Amino acid sequence: MGRRSAPDLYFATIERGGDMVGCAFRTPPWKLGLTRMPLEAVPLLAQSVAEAYAELPAVLGPNEVARAFGDAWSRLKAVEAAPGARQRIHILERVEPPSPMASGKMRRTEPGDIPLVARWLAAFVRESGLTDPGDPLERAHRLCGGEGGGQLLALWVDGGPVSMAGFPARTRHGVRIGYVYTPEEHRRRGYATALVAGLSTQALDLGFRHCVLYTDLANPTSNRIYRSVGYRPLQDVMDVEFGLT
């Protein structure tokens, strides 16, 4: 297993026979992230992570891998491991435009949108049950100021802003769609569907090969919305949360 770490970062690879078969990563204070990997490698990984961190809030990864790490971490640290949110990763390589298309249009956020975006970000975190120590206003400034293929937040406007979505993270070949939020008074009108389709199209037009996004398996509405514009399931993942025994 190769490893590169810094005081506040953790990156590790699981290698077998000269091939990389898994990865782990963390940027504190966030949870540890895991990819697919052989289950027999998980105890070794847990020991490596334990050398870097005295505690973890949670781990996120493919279901079997996350459970196995939770069991290993629980034994190492004498903490409880409890199942958390269950999500599904979806991938899109070609957009299927929604029909009918919602009224209105997509536009990129502007500096004057920052107070509204900050309120919507706070509501998004609250309604989705996420644990987010970040400042919504600071994040709104960052998302509304992204350039080129970096961070980008867009609004769907129909008389006024009615929905938001962005791609807050990217790799060389793909972007992650996130922060999809529509206030209650504007829901069930197709705004989020149209915005996700438009934003995904823009990402592909910028030269990215694919878009990915996470959905809460407990929310059938979001899963239906994304399927309707061309997203397909890629991997189910789950959180395992840690607490004191």
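# Rings and charges

Visitor: Are Y226 and Y231 buried or exposed?
Guide: Buried means under 20% relative accessible area, exposed over 50%, and partly exposed in between (1.4 Å probe, protein chains only). By that scale both Y226 and Y231 are buried.

Visitor: What kind of model is this?
Guide: Residues are numbered from 1 along each chain as its sequence is written, and side-chain values use heavy atoms, with hydrogens and water left out. Local features need pLDDT of at least 70, side-chain atom pairs count only at pLDDT 80 or more, and totals for chains, interfaces and linings use all residues, as the model is predicted.

Visitor: How many aromatic pairs are there, and what is the pair of W73 and F242 called?
Guide: Rings of Phe, Tyr and Trp (its six-membered ring) pair if their centres lie within 6.5 Å; planes under 30 degrees apart count as stacked, over 60 as edge-to-face and the rest as tilted. The count comes to 6 aromatic pairs. For W73 and F242 the centres are 6.2 Å apart and the planes stand at 40°, so this pair is tilted.

Visitor: How many residues apart are W73 and F242?
Guide: Helices (H or I, at least four residues) and strands (E, at least two) are DSSP runs, numbered from the N terminus. W73 lies in helix α2 (residues 63-77) and F242 in strand β12 (residues 232-244), so the pair links distant parts of the chain. The separation is 169 residues.

Visitor: What is the geometry of the pair Y226 and Y231?
Guide: A pair of aromatic rings is described by the distance of the centres and the angle of the planes. For Y226 and Y231 the centres are 6.1 Å apart and the planes 70° apart, which is edge-to-face.

Visitor: Which residue forms a salt bridge with R88?
Guide: A salt bridge is a side-chain nitrogen of Lys or Arg within 4 Å of a carboxyl oxygen of Asp or Glu, and the count comes to 8. The closest N and O atoms of the R88 bridge are 2.6 Å apart, and the partner is D236.

Visitor: How many residues apart are R88 and D236?
Guide: R88 is in strand β6 (residues 79-92), whereas D236 is in strand β12. The pair links distant parts of the chain, at a separation of 148 residues.

Visitor: What relative accessible area does D113 have?
Guide: D113 forms a salt bridge with R107, the closest N and O atoms being 2.8 Å apart. R107 is partly exposed at 23%. D113 is buried, at 8%.
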